[in-house]
Amino acid sequence: MDQIIFLGLSLSAWITITTMLGVFLMMARTRIPAEVVFLGALTVLLVTGVVTEEEGMAGFGSEPVVVHAAFFVIIAGLMQSGVLYWLTQHLLGEPGSYRRALLRLMGPVSVLAALLNSVNVVAMFIDAVKIWARRLEIAPSRLLLPLSYAASLGGMCTLLGNSSNLVVAGLYMEKTGRTLNLFEPLLPGLLLTATGVLLVILLRKFIPERESPEQSFETTSDYTVELLVPTDNPAVGMTVGETGLQQVKGGSLVEIVRFDKEIIMPVPDDEFILGGDRLIYAGQINEILDLKRSHGLVAADHHVYNINEIGSDRKLRTAYVTFSSDLIGTSMTENTFERDNDMVLVAVARQGRRVDGQPREIRLQAGDSLLLECPPKSDDQLERINKRNLQFFDSHFVPQIGKRTVTAAVILIGMFLISLFHVLPLMAATMLAAGVMLIMKCCRMDNVVKYIEWELLLILGATVVFSVALTKTGIAQTVATWVLDVCGDNPYVIMAVMCVLASLVSEFVSDVGSSAVFFPIVWHQATQLGCDPMPFVMSLMLSVTISFASPIGSSTHMLIYGPGSFRFTDFARIGIIMHIVLLAMLLFVVNILYPLH
């Protein structure tokens with residue numbers, strides 16, 4: 001197959017190029033899960049013989065995958081032992097101004113992101129920041145965007161800070177046999193982080209002020225109404241479907257509360273109506289109240305529940321529709337989500353405002369905030385709901401602070417010290433820390449699984465194989481030579497061009513994928529120019545994380561998109577400026593700290 005040459009590239013090379021372009025296109029234009037896209041591409045490379053089975057499997061045993069898997073166990077220990085809860089409780093204070101609030105938030109968050117991975121830190125802080133914003137009388141969006149930016153910036157400082165950093169470090173080790181220090185990008189990362197925080201503070205007036213979706217959900221009487229079925233009502237003894245009480249003008253039946261306090265939710269069409277039933281409706285209240293006249297119902301003597309005073313037999317939970325959710329473009333009447341997960345949609349908010357109309361007939365969009373009523377479910381049960389569809393942030397898990405809290409903190413510090421002083425390689429250090437976390441019972445094995453991001457591990461393994469394919473088929477060398485022919489042999493110009501391209505691609509596609517694709521290219525460019533590859537490697541590692549102008553450019557941005565009621569263009573308001581300034585500074589700093597020769 002490789003004997004077939006077209007435009008200087010073999011058939012294997014063209015299969016690889018087509019596959020890579022397909023990955024980028026599907027990531028940018030479809031809602032197909034990223035792990036499915038990457039595994040599909042890997043399958044194409046295996047079936048066509050571009051990579052061997054050994055090369056395909058080697059990616060899933062590579063350093064980035066193993067380190068991440070071990071680190072998920074460490075995060076589980078920090079969560080369950082109370083370390084992260086303690087940090088969120090004590091890092092935020094009572095600043096006297098918005099500028100001080102930004103400093104109080106972004107400083108600690110950037111440090112934690114460097115140590116605990118930016119995505120984990122943002123997920124941990126979202127609820128705390130929303131509560132903090134309410135106490136300070138600041139729109140949550142004014143603090144959530146700086147939260148995401150601070151985490152992305154801080155993640156540049158260590159190999160653990162961003163997943164793409166580990167991918168680049170793993171590919172570097174395969175090329176050289178040398179393991180990068182955990183704090184290898186610390187100096188340029190610190191300078192970029194300090195500059196980024198300063199830019200956010202200077203440009204703070206451009207941070208959008210969006211109404212919190214919770215404000216649309218604060219008064220349940222605005223979107224729910226309770227009606228009582230009199231014992232002499234003609235509907236008694238008939239099914240819900242026969243009476244037409246399920247889907248009504250302006251709303252839908254959420255649940256039935258029986259006289260013996262039995263709760264029926266969701267309500268099936270064949271459920272019988274009994275005298276004394278309390279029917280809970282959600283939707284347009286004024287229109288639903290017409291049922292009192294049309295169906296002989298009466299107003300209940302009191303409201304069954306409200307958002308702040310929920311009975312033990314039911315809970316209201318807030319969730320956000322993710323960018324890859326299967327629910328996008330559908331309504332609850334068109335899917336089986338409620339039935340499959342034993343919960344009912346009560347209200348929908350979009351960009352901070354409640355969407356008028358019957359909630360179950362509203363076609364959902366990415367970032368929509370959903371108010372869901374569900375039976376008493378533990379946080380573990382909610383975690384089992386497909387996180388690709390909905391992300392719950394109103395967790396009520398409060399760990400107990402004690403000896404295990406101190407133990408988990410000591411283990412984490414020990415892991416960093418071991419790696420910093422080269423006692424053990426990073427992979428061995430993280431595996432050791434994960435093992436000690438389990439032995440010291442900082443986390444339970446049966447609860448660790450929910451903290452593991454299997455999708456990310458699959459993506460990391462696949463991207464390593466893509467880098468192998470780009471090198472093996474000669475694409476990396478060909479592209480590197482082509483860029484050199486076009487841009488000349490000035491290494492500073494070449495580095496700048498590749499960083500600009502990599503950072504732009506990362507704004508719309510995974511930074512992990514971008515780093516794997518561009519790494520073999522910049523490596524060949526450095527070797528052809530006779531330069532030390534380290535400046536090129538470091539500039540690539542940092543440039544793919546400078547994704548501030550698009551919500552899909554970073555996992556941290558996607559996490560805050562729903563909770564902050566953001567619009568797609570909100571990130572570009574200061575993100576474009578930050579992208580340009582930080583990219584220019586990156587090129588300047590890297591070439592000072594890492595000489596080309």
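**Burial, contacts and helix packing in a predicted model**

The accessible surface of the chain comes to about 24,800 Å², with carbon and sulfur atoms contributing 60% of it (Shrake-Rupley method, 1.4 Å probe; for residues, only the protein chains shown count as cover). This is a predicted model, in which local features need pLDDT of at least 70 and side-chain atom pairs count only at pLDDT 80 or more, while totals for chains, interfaces and linings use all residues. Residues are numbered from 1 along each chain as its sequence is written, and side-chain values use heavy atoms, leaving out hydrogens and water.

Q: Is Ser152 buried or exposed?
A: Ser152 is found in helix H8 (residues 141-154), where helices are DSSP runs of H or I with at least four residues and strands are runs of E with at least two, numbered from the N terminus. Buried means under 20% relative accessible area, exposed over 50% and partly exposed in between, with a 1.4 Å probe and protein chains only. Because its relative accessibility is 4%, Ser152 counts as buried.

Q: With which side chain does the side chain of Ser152 make a polar contact?
A: Leaving aside neighbours within four places in sequence, Ser152 is in contact (heavy atoms within 4.5 Å) with residues including Ser118, Asn162 and Phe548. A polar contact is a pair of N or O atoms within 3.5 Å; within protein, one must be able to donate a hydrogen and the other to accept it, and residues adjacent in sequence count only if both atoms are side-chain atoms. At 3.2 Å, the partner of the Ser152 side chain is the side chain of Thr556.

Q: How are H5 and H7 oriented to each other?
A: The axes of helix H5 (residues 83-91) and helix H7 (residues 118-136) come within 10 Å and cross at roughly 40 degrees, the axes being lines fitted to C-alpha atoms over the stretch in contact, with angles from 0 to 180 degrees between N-to-C directions. At the meeting of the two helices, Leu84, Thr88 and Leu91 in H5 face Met124, Phe125 and Ala128 in H7. Angles under 35 degrees count as roughly parallel, over 145 as roughly antiparallel, 65 to 115 as roughly perpendicular and the rest as oblique. H5 and H7 are therefore oblique.

Q: What is the relative accessible area of Leu390?
A: Leu390 lies in strand E13 (residues 390-392), and, leaving aside neighbours within four places in sequence, is in contact with residues including Ala319, Phe337 and Leu372. Leu390 is buried, and its relative accessible area is 1%.
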